[in-house]
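Subject: Structure for your review

Dear colleague,

Please find below the structure that I am handing over to you. My notes on what was found in it follow directly after.

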Amino acid sequence: MRRAVLLGVLLTATLAHADKLGFDPAAIYKVPRGASPTEGPAQAPITIVTWSDFACGHCYRVQPTLDALNKLYPEQIRWVHRTMPLDEDDTTAAEAALAAAAQGRFRPMSDRLYAMGGRVDRAAVELIARELGLDMVRFRADLDARTYRAQIATDLAEARKLGVTGTPTFFVNGRPINGSQPLKIFADVLDEELARAATTPGDYDALVGAGKLGADVAGGDPDHASTELDLSDSYRVGLGLPGHQDGPDDALVTIVVWSDFQCPFCAKEAPVLRQLREKYKQDVRVVFRHLAMSFHRRASIASEAAIAAAMQGKFWAFHDQMFDNFGNLERADLERYAQNAGLDMTAFRAALDDRRYRDLVVAEGASAQALGVDGTPTMFVQGRPVIGAKDFATMDALVGSMVERARAISASIPRGDLYALMMVEAKGSERADPSRIPTPAGIRIALRTNERIRAAISACRTRDRGRAASLASDLAGPERARLVHVCKAAGVDL
């Protein structure tokens, strides 16, 4: 009897799933923006309409991914925030967010509501509103009058009409992404939509005007493609930030490592990479890139400090001290390492005090995640991924074989062109600074407009005005305006 009941339950669930309609991730849907709060430039080439709920755990967990997108694509995204309450009888959080939006404070209110799981009462939202400095008379009046109930009902009705059945659901220029997905899923779609926007006259309405009117895929939303790195393939990986390379430009083998100064496995791998450099000398270079994991409290500020050291030409002296004294990353520790490395302490302290390189750290980490990197250390040896800490014998065998192979090839190809030629055929995209992918000597590979913008933004974030100006020299119109805005915020006037 129990077996029959269980089979019946499974059959019912299967039939229910079969009856459900989902969205084709490759299709465009005609998604209305409604009267919802927006963030970002009105003329941004990308519009992301999202339905979410403050009590939704997946909606909360995806917020760092969305913040990282803003660092990878600054001034290129307009966000439209629509509400789909999980509990239609409890809309206090949604009403409070809209009331805060009416006073220009949607984002700080929504951040607090997500952090609280959205399950708040009237007293709690009033406390948050007071902390945010809202006009409390107006805020209370909006809640008392249920001013935004109609808007919430409209958001919900249009979600149902479109076929949205869960949160979070995103539409990137009409392209659907369901659930809390890895950053790579978002970045791949954004890159495709940026290219489409560049060749489609008109605004958002033109981009979605001919789109489908609702969910149309039987069986629900298809699964997204795997984001895992293929260990047998090679990826396009740039050489990171200035001053982060140990070894010559014409090394036969390039090892790019995404690492975290608070990661014990990274601390274990650091001496292995040092041994490889000592053994292979001019034949190997190591490039350090930052992936400060969100669950490591001091990782971001440690990376910012390391970049500040790199700007003074002392990255590796600083890097070695942090890993040799693993776990000691408080401000006093960082200043001691800087002093030992011979840094200008006034400039170093100023960089940490104003969080000058925070956006660089986020963009570096986001570019790793957009490639499919999801942990540290992750190394790319000649573009081929090696995941996790490996002992010296393992790395020596791999690097040694690649050195011998490269040495044979270098008989007919200049050493300095080896890595560049490998990157031409590699898969994926370098999303932090595409100009940091080397090109073969005598060959000029022009960056696409969006790649030039990314490279120029990276230059501005390192305060390299000359390089930023050179990269921006041919840009005009909205693209240049966006770049000027981002660079100004980074302290560079173009």
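The second largest cavity is lined by 18 residues, and those nearest its centre are Ala363, Ala432, Asp433, Ser458 and Arg461. A cavity here is a set of points, on a 1 Å grid over the protein atoms alone, where a 1.4 Å probe fits but cannot get out, and lining residues have an atom within 4 Å of a point. The volume of this second largest cavity is about 130 Å³, a volume being the space filled by probe spheres set on the points, with grid points joined across faces, edges and corners. Helix 3, helix 16 and helix 19 each give two or more residues to the lining of the second largest cavity, and helix 19 gives the most, with 4 residues. Helices (H or I, at least four residues) and strands (E, at least two) are DSSP runs, numbered from the N terminus. By class, this lining has 7 nonpolar, 2 polar and 9 charged residues. For these classes, Ala, Val, Leu, Ile, Met, Phe, Trp, Tyr, Cys and Pro count as nonpolar, Asp, Glu, Lys and Arg as charged, and the others, Gly among them, as polar.

Please note that this is a predicted model, in which local features need pLDDT of at least 70 and side-chain atom pairs count only at pLDDT 80 or more, while totals for chains, interfaces and linings use all residues. Residues are numbered from 1 along each chain as its sequence is written, and side-chain values use heavy atoms, with hydrogens and water left out. The chain has a mean pLDDT (the predictor's confidence in each residue, from 0 to 100) of 92, and 96% of its residues reach 70 or more. Residues 1–18 have a pLDDT below 50, and beyond near neighbours in sequence this stretch has 4 contacts in the model; contact means heavy atoms within 4.5 Å.

**Other cavities**

The whole structure holds 4 cavities of 30 Å³ or more. The largest cavity has a volume of about 150 Å³. Of its 15 lining residues, Glu39, Gln63, Leu66, His81 and Arg107 are the closest to its centre. Two or more lining residues come from each of strand 3, helix 3, strand 4 (77–83) and helix 5 (106–115), with helix 5 supplying the largest share, 5 residues. The lining of the largest cavity comprises 5 nonpolar, 6 polar and 4 charged residues.

**Pockets**

A pocket is an open set of grid points with protein on both sides within 12 Å along at least five of seven lines. The lining of the largest pocket divides into 13 nonpolar, 10 polar and 8 charged residues.

The second largest pocket has a volume of about 630 Å³. Its lining has 30 residues, and Pro45, Leu194, Ala197, Ala198 and Asn450 are the closest to its centre. Helix 9 gives the most to this lining, with 5 residues.

Helix 9 (residues 183–198) has 16 residues and should span 22 Å at 1.5 Å a residue, the expected span being 1.5 Å times one less than the number of residues. Its end C-alpha atoms are 22 Å apart, which agrees. Among the buried residues of helix 9 are Leu183, Phe186, Leu190, Leu194 and Ala197; buried means under 20% relative accessible area, exposed over 50%, and partly exposed in between (1.4 Å probe, protein chains only).

In helix 14 (residues 331–341), Asp333, Leu334, Glu335, Tyr337, Ala338 and Ala341 are buried. The buried residues of helix 14 pack against helix 12, helix 13 (315–324) and helix 15 (345–353). Glycine 342 follows helix 14 and has a positive phi, near 80°.

Glutamate 95 lies in helix 4 (residues 92–101) and is buried, with a relative accessible area of 4%. Leaving aside residues up to four places away in sequence, glutamate 95 touches Leu143, Arg146, Tyr148, Arg149 and Ile152.

Histidine 319 is in helix 13 and counts as buried at 5% relative accessibility. Not counting residues up to four places away in sequence, histidine 319 touches Phe261, Ala270 and Phe288.

Yours sincerely
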